Amino acid sequence: MAKPPVLTPQSEDFPRWYQDIIAKAEMADNGPVRGTMVIRPYGYSIWEQMQAEVDRRIKAAGAKNAYFPLFIPESYLTREAEHVEGFSPELAVVTVAGGKELEEPVVVRPTSETVIGEFMAKWVQSYRDLPLLLNQWANVVRWELRPRVFLRTSEFLWQEGHTAHVSEADGRAYAVRILHEVYESFMRDVLAMPVVVGRKTAKERFAGATNTMTCEAMMGDGKALQMGTSHELGQNFAKAFDIGFQSSEGQQELAWTTSWGVSTRMVGGLIMCHGDDAGLRIPPRLAPVQVVVMAVREDDAVIERCRTLAEELLAAGVRVELDLRTETSAGRRATDWELKGVPVRLELGPRDLAEGAVTLVDRIDGTKQAAPLHGITARIVSVLEEAQITLFAEALARRESRTADVRSIPEAVEAASTGWARIPWADLGVAGEAELGNQGITVRCLVMPDGSLPDADDTPGAIAIVARSY
RNA sequence: CGGGGAAUGGCGCAGCUUGGUAGCGCGCCUGCUUUGGGAGCAGGAGGCCGGGAGUUCGAAUCUCCCUUCCCCGACCA
C-alpha cells in the first residue's frame with residue numbers, strides 16, 4: 001500500500017508542487033504583509049551560498065561593496081523621466097514619520113540608481129576617478145501586483161551593482177563582462193543551470209536603460225525565468241544627477257553608467273529548474289549541506305562511526321551534517337533529507353558496519369548502493385562532481401528538447417505552450433511581439449545565431465527567444 | 001482594477017442546502033512498543049467558526065455591510 005506522495009506531483013499541478021516544496025523543505029513562509037516572505041534557515045543558507053559565490057565573482061571583476069540608504073527622497077525618482085514612469089506604480093512611499101507628516105515623502109528604494117547617482121556625482125571629478133565600480137547587498141521593495149514566494153515578492157534581497165565609466169564602450173564592456181563572468185558563470189558552474197544570455201527588446205528594457213541584457217533559464221514546466229540582468233544606462237542617469245568629469249583633454253564630460261543585479265528570485269529558479277517529485281535537488285557546489293551522515297538506529301558503535309565519518313569528510317572539505325536523531329524513524333529522516341535536496345546521504349547502521357560499508361544514496365541520480373567505508377571520502381568527492389555535471393546536463397537536455405525553431409507566430413504560440421520558440425526577430429518584429437503579448441507570451445531576449453549578444457535592437461540576423469514566463 | 005473562488009485548532013479540510021454554540025486527517029504533548037524508506041497503539045492539549053449589524057428562544061449555518069486571502073489577466077529581479 002503506497003503512501004500518498006509527499007508533494008503534489010509536478011505533472012498534476014506545477015504551481016502547487018512549488019508551494020508544497022517551499023513549505024515542506026522549510027525554505028520559506030509567507031509574511032504577514034501581502035507579498036512578503038520569511039526566509040527560513042534552510043532557505044537562507046542557500047541564499048548565503050549564492051551570495052558568497054556571486055560576491056567573490058563581483059570582487060574579481062573589480063567592484064567594491066558599499067551601502068546606501070533604504071530611504072530615498074521622492075524627488076530623486078522623478079529626475080529621470082522613464083525611470084519614474086517605470087517604477088511609480090510599485091513604489092512604497094513613507095509620508096508620515098516621527099508622528100508627523102513629512103515635508104517631502106521618502107520612498108523605500110525599489111532600486112538605487114538614483115541615490116547612488118547622486119553620490120557618484122559628488123565623488124567623480126576627474127577621468128582619474130573612473131571607472132567607479134560599486135556594488136551593494138540590500139533589500140528593495142516593489143509593490144508587485146501578483147506576488148509569488150521567491151519569484152516576485154514585495155520585498156526581496158539582492159545585489160545591485162552600479163558603475164560609472166568614461167565612455168559608452170567602457171560602460172558596455174563592463175556590463176557585458178558582469179553578465180558573463182559573474183552571472184552566466186555562476187549560474188552555469190554553481191547552480192548547474194544553463195542560461196540563454198541575450199539582449200532585451202525595447203519593450204522589456206529596464207526603466208531608464210539604453211540596453212538591458214539578461215540571463216534566461218527554462219524551468220521544469222517549460223516556462224522561462226529571468227535570472228539576472230545587466231543594464232547599460234547610457235548617460236541618462238549621468239544627466240539626471242550630473243555625474244560629470246573632466247577628461248584628459250580638459251573637457252567637461254558626462255559619465256556613462258551601468259547597473260546590474262541578481263536576487264533571491266534565483267532561489268525560486270533553482271527550485272523549479274532541478275526539483276523533482278521527491279523534493280529539491282541542490283547542486284553540490286551550491287549545497288549548504290553536501291552530505292548528510294545518518295545513523296540508522298541507536299547503537300554506540302554506529303554513532304561513533306558516524307562521527308568519525310563526518311570528521312573525515314569535513315577534513316576533506318565536504319560540507320557535512322550529522323543526523324543522529326534515532327528517536328525519529330530512518331524512513332522519515334530519509335524523506336526529509338530528500339525533500340531538502342541534499343546531494344548525498346550516507347546511511348550507516350549495524351548491518352553496514354558489520355560489512356565495513358555504508359549505504360550511499362545519490363539524490364541526483366536516484367541510486368542507492370553499498371559503498372566500502374575504506375576510501376569513502378574519495379568516492380564521495382567524485383559522486384558530488386558527477387552530480388553537478390548530471391544536473392546541468394539534464395537541464396540542458398530539457399531546454400533543447402523543448403525549444404523549437406519556428407518561422408510564424410502561430411507556430412511560436414504552439415511551441416510556447418510547452419517550452420520555448422526561437423523565431424527570427426525579422427519575422428516577428430514589434431508588431432508580432434505585441435500580438436504574442438496578448439496571449440501571455442513574451443520575447444525573453446534576442447540572441448545571434450552563434451549565441452552572442454546583438455549590438456543593437458535591429459542587428460540583422462537576430463533570433464528572438466519567446467516563451468511564457470514567471 | 002477586471003473576471004472567478006475562499007475565510008472553521010499550527011497546516012489541509014468537512015459541517016452550512018433542511019439553525020440546536022464543532023468534527024476529521026496531518027502535526028503537537030505523554031506513555032509503551034518500535035526504528036534498514038514518511039512507525040503502531042493508548043491517552044491528551046489546542047478553536048468565542050475573519051469582523052460588524054440583523055433575523056431567531058437559539059446562528060459556523062439564514063440576511064446585509066465590511067475586511068482579508070487565493071487563482072486567472074495587466075506590472076516585474
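This is a predicted model: local features need pLDDT of at least 70, side-chain atom pairs count only at pLDDT 80 or more; totals for chains, interfaces and linings use all residues.
You'll find Glu304 in helix H9, which covers residues 300-315. Its relative accessible area is 45%, so Glu304 counts as partly exposed.

## A helix under cover

Now look at helix H8, residues 265-274. Here ten of the ten residues are buried, so the helix is mostly covered. Among the buried ones are Arg265, Met266, Gly268, Cys273 and His274.

Is Ser126 buried or exposed? With a relative accessible area of 18%, Ser126 is buried, because buried means under 20%. A polar atom of the Ser126 side chain sits 2.7 Å from the backbone nitrogen of Arg128.

Pro131 has its place in this loop between H5 and S7 too. Check the peptide bond from Leu130 to Pro131: it is cis, with omega near -5°.

## Two positive phi angles

Glu26 isn't a glycine, yet its phi is positive, near 60°. Find Glu26 in the loop between helix H1 (14-24) and strand S1 (28-30). Glu26 is partly exposed, at a relative accessible area of 33%.

Ala192 also has a positive phi, about 60°, without being a glycine. Its loop runs between helix H6 (168-189) and strand S9 (196-199). Ala192 has 0% relative accessibility, so it counts as buried.

Conventions
Residues are numbered from 1 along each chain as its sequence is written. Chains are lettered from A and ligands numbered from 1 in the order in which they are written. Side-chain values use heavy atoms; hydrogens and water are left out. Helices (H or I, at least four residues) and strands (E, at least two) are DSSP runs, numbered from the N terminus. Buried means under 20% relative accessible area, exposed over 50%, partly exposed in between (1.4 Å probe, protein chains only). A polar contact is a pair of N or O atoms within 3.5 Å; within protein, one must be able to donate a hydrogen and the other to accept it, and residues adjacent in sequence count only if both atoms are side-chain atoms.
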